[in-house]
Amino acid sequence: MGKLAINGGNKAVQINSGDTFTWPIVTKEDEQSILDILWARNMSGTDITRKFEEEFASWHGLKYALGHSTGTAALHAAMFGSNVGVGDEIICQSMTYWATGLPAYSLGATVVFAEIDPKTLTIDPNDIEHRITKRTKAIIPVHYCGYPSDMDPIMEIANRHGIKVIEDVSHAHGALYKGRLVGTIGHAAGMSLMSGKAFACGEAGILITNDQYIHEKAITIGHYERTGELTIPELKHTSGVPQGGYKYRMHQMSSAMARVQLKYYKERMEEIQKAMNYFWDLLEGVPGIRPHRPSRESGSTMGGWYAAKGLYVPEELDGLPVSKFCKAVTAEGASTYPGANILLHLHPVFNDVDIYGHGKPTRIANSDRDLRQPKGSLPVTEAQPERMYSIPWFKHYRPEVIKQYALAFRKVAENSGELM
Ligand SMILES: *Cc1c(COP(=O)(O)O)cnc(C)c1O
């Protein structure tokens, strides 16, 4: 009988984790805020949403916030606001949720994928510039699994070329990049607030910016009820009808809950950070596994550690495949899986599907050239699913629980010979 649970040994995790992983934290205050909307029959208004927008913008020190029905809608509106249109291109990473890039297709634009940095899993600033053409309108960095994208070089490149940067903050609410809140560094930011995310209030999203044009043009795509408030002359004619043909306003039950969640987000996020950093501190020096987090000295943080990952170095474990590693850790009582989001540059919807009836794949129809990036075209990105795995997402700092979960990873890494 081996030591590892998968070979009949005792499990590393014996403790009852209670509500360590429960998210979002819901209290009577959340419940009451939603009931208030219900009894006022105020689900479709904007008064509560506007209060949330003010509070969210003020947290970020920005002028504008626009609540949306989803994060996908917020990103779509941010692209439209940045004048992404027919024949244009946006640049983003391939390993991300599809909404980082796919909304560009419905604006008549297409997506060019850049490599990621294998340590941060965010877009590699050194792989952006050679992909910029006269059609490039925006770079959309995603602070992937909480890790802030390297915004300084990205902004430098974008500003030199006169293109917009839209941050996708869906994984990183409240994270800092060199001391600055993510979402405040680009020209605009869009993010999800859906129930699974670190900032969670139901199905919702938000667009934040200091740029009045982006804000007002975003209103014109999907917020008919606000078109009367437009001040920029060339946008004013849309009054009463959203030119994009979408209806994107935020549900007020979500807005009400979001206001309550916002009150407590900072302190809850700090507890998550303490717990997650403790987990990684316990695993320092263990072969084969590395934290996916910025160094303390960098001034950067992981926000609420959404979809937290660890990096995997199979060379240090005699080439043990990550899938076997994950099965063994899961058997120890710490559920984990390899990889992350599917790679968009290899997906048929991005490459082969004729979505709008052009008679050819949308990716080609929306451009004057064939931008498809076949297997092998992004070698760093394509290697990463074998070099990463999920880690537990602790919502509370409970050393006794965290120690056992860390032990599960340590035990498998240190006894990987049993799996060969
Ligand atoms: C969740 C997510 C979105 C989309 O948000 P929804 O609210 O689900 O529409 C966009 N980008 C990333 C990276 C996400 O994880």
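Trainee: In this predicted model, which residues is His171 in contact with, leaving aside its neighbours within four places in sequence?

Mentor: The partners of His171 are His143, Tyr144, Cys145, Gly146, Tyr306 and Asn341. As for its place in the chain, His171 lies in the loop between strand E5 (164-168) and strand E6 (176-177).

Trainee: Is His171 buried or exposed?

Mentor: The label rests on a cut-off: buried means under 20% relative accessible area. His171 has a value of 5%, so it is buried.

Trainee: Which backbone atom does the side chain of His171 reach?

Mentor: The side chain of His171 reaches the backbone nitrogen of Cys145, at 2.8 Å.

Trainee: Let us turn to the domains. What does the domain assignment of the chain give?

Mentor: The assignment gives domain 1 (5-24 + 265-340 + 382-419) and domain 2 (28-259). Taken over C-alpha atoms, their centres are separated by 30 Å.

Trainee: How many residues of domain 1 and domain 2 are in contact with each other, and what area is buried between them?

Mentor: On the side of domain 1 there are 23 residues in contact with 29 residues of domain 2. About 2000 Å² is buried between the two domains, and carbon and sulfur atoms give 65% of this area. Within domain 1, Tyr265, His292 and Tyr306 lose the most area to domain 2, together 32% of what that side buries. The elements giving two or more residues to this side are H6 and strand E11 (309-312).

Trainee: How many salt bridges and how many residue pairs in polar contact are counted between domain 1 and domain 2?

Mentor: The count of salt bridges between domain 1 and domain 2 is zero. Seven residue pairs are in polar contact between these domains, with both residues at pLDDT 80 or more.

Trainee: Which residues are in contact with Phe279, leaving aside its neighbours within four places in sequence?

Mentor: Phe279 is in contact with Ile391, Pro392, Phe394, Ile402, Tyr405, Ala406 and Phe409.

Note on methods:
Residues numbered from 1 in each chain as written. Predicted model: local features only at pLDDT ≥ 70, side-chain atom pairs only at ≥ 80, totals over all residues. Heavy atoms only, no water. Contact = heavy atoms within 4.5 Å. Domains from an automatic or database assignment. Buried area = accessible area lost by both parts, 1.4 Å probe. Salt bridge = Lys/Arg side-chain N within 4 Å of Asp/Glu carboxyl O. Polar contact = N/O pair within 3.5 Å; in protein donor to acceptor, adjacent residues only side chain to side chain. Helix = DSSP H or I, 4+ residues; strand = E, 2+ residues; numbered from the N terminus. Buried < 20%, exposed > 50% of the residue type's maximum accessible area, 1.4 Å probe, protein only.
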